[in-house]
Amino acid sequence: MGKILLALFILTSLASYAQDFEPKTYFSDAIEKNIRKYRVNAKRAYIKNDLERAQFLFDSLINHVVKNTYIDNFKVRKFSGRKIELHEFEKPIYLITYATWCTPGIGEIPALNDIVDAYSDEIDFVMLFWGPKKKVRKLKNKMNNKIKILYVDEKENKNDFVIRCMKHTLGFPTSFFISSDKKVLDVRRNFLHHYSEEYTKSYNANYQTFTSGVSLLLNKD
């Protein structure tokens with residue numbers, strides 16, 4: 001009996017050891033192999049105004065290509081100007097790509113601010129911004145100061161494939177859910193369109209969406 005238990009222990013240990021050294025598939029490599037076909041098909045769907053087809057293509061790309069890859073390290077700047085690498089964040093990352101021309105619903109930022117207050121000890125909330133810095137500053141002033149605001153300088157990052165994919169392929173506003181070991185758990189588009197709704201409905205819809213993302217990150221880590 002003892003020999004059987006010892007053998008099982010060794011086999012389990014070897015399996016775990018092998019898993020630790022499995023080659024990682026990185027986000028950039030997975031996207032690069034599949035991006036051309038996706039772009040062609042998505043463009044056709046948008047030309048036909050077939051938004052349901054466009055969403056299906058996006059979901060397929062995420063589920064079959066992006067999920068379970070590892071996000072590449074990339075370097076951008078904090079709003080203060082200091083450069084920072086994504087892999088410097090040690091907690092699970094709730095990363096939102098955003099642009100100054102995106103129009104948030106009336107309850108979106110308040111809901112996000114409340115979520116950040118509740119979970120910032122366990123999760124790094126990061127917003128990656130495109131757009132004129134003056135306009136970014138106006139949005140930044142409305143947001144919880146526990147959110148890490150990062151700024152994409154198009155001149156600095158024009159050759160960064162990961163940054164270009166986030167903007168031109170996946171678009172924004174989009175949320176990336178990244179575990180503490182930098183695995184991409186999911187990517188979701190933030191198209192709630194509660195711009196014309198009253199505050200309570202907009203707040204509740206956004207709060208529920210942010211809570212779902214938080215649950216994904218906490219249940220993984």
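User: Let's start with strand β7, how many of its residues are buried?
Analyst: In this predicted model, strand β7, which spans residues 184-189, is mostly covered, with five of its six residues counted as buried.

User: And which strand is joined to it, and how do the two run?
Analyst: Strand β6, residues 174-178, is joined to β7 by five bridges, and the two strands run antiparallel. Within that pairing, F177 stands opposite D186 of β7.

User: What about the hairpin, which residue there takes a positive phi?
Analyst: That is K182, with a phi near 75°, and the hairpin of β6 and β7 has five residues between its strands.

User: Back to F177, which aromatic cluster is it part of?
Analyst: F177 forms one aromatic cluster together with Y94, F125 and F210.

User: Which lysine lies over the face of Y70?
Analyst: K24 does, and its distance from the centre of the Y70 ring is 4.6 Å.

User: Switching to T97, where does it lie, and why does it count as buried?
Analyst: T97 belongs to strand β3, which covers residues 93-99. It counts as buried because its relative accessibility is 0%, and the cut-off for buried is under 20%.

User: So what does T97 touch?
Analyst: Leaving aside residues up to four places away in sequence, T97 touches L128, W130, M166, G171, F172, P173, T174 and F176. Of these, M166 is one of the buried residues of helix α7, while G171 follows that helix and has a positive phi, near 70°.

User: Which other residues of α7 are buried?
Analyst: In α7, which runs over residues 161-169, the buried residues are V162, I163, C165 and T169 as well as M166. As a general point, an α-helix has 3.6 residues a turn, so residues three or four places apart point the same way.

User: What caps the N-terminal end of α7?
Analyst: D160 does, through a side-chain oxygen that lies 3.2 Å from the backbone nitrogen of V162.

User: Zooming out, how many helices and strands are there, and what percentage of the residues count as buried?
Analyst: The protein has eight helices and seven strands, and 43% of its 221 residues count as buried. Among contacts with a separation of 6 or more, residues 24 or more positions apart account for 71%.

Notes
Residues numbered from 1 in each chain as written. Predicted model: local features only at pLDDT ≥ 70, side-chain atom pairs only at ≥ 80, totals over all residues. Heavy atoms only, no water. Buried < 20%, exposed > 50% of the residue type's maximum accessible area, 1.4 Å probe, protein only. Helix = DSSP H or I, 4+ residues; strand = E, 2+ residues; numbered from the N terminus. Polar contact = N/O pair within 3.5 Å; in protein donor to acceptor, adjacent residues only side chain to side chain. Contact = heavy atoms within 4.5 Å. Pairing = 2+ DSSP bridges. Phe/Tyr/Trp six-rings, centres within 6.5 Å; stacked < 30°, edge-to-face > 60°. Lys NZ or Arg CZ within 6 Å of the ring centre and 35° of its normal.
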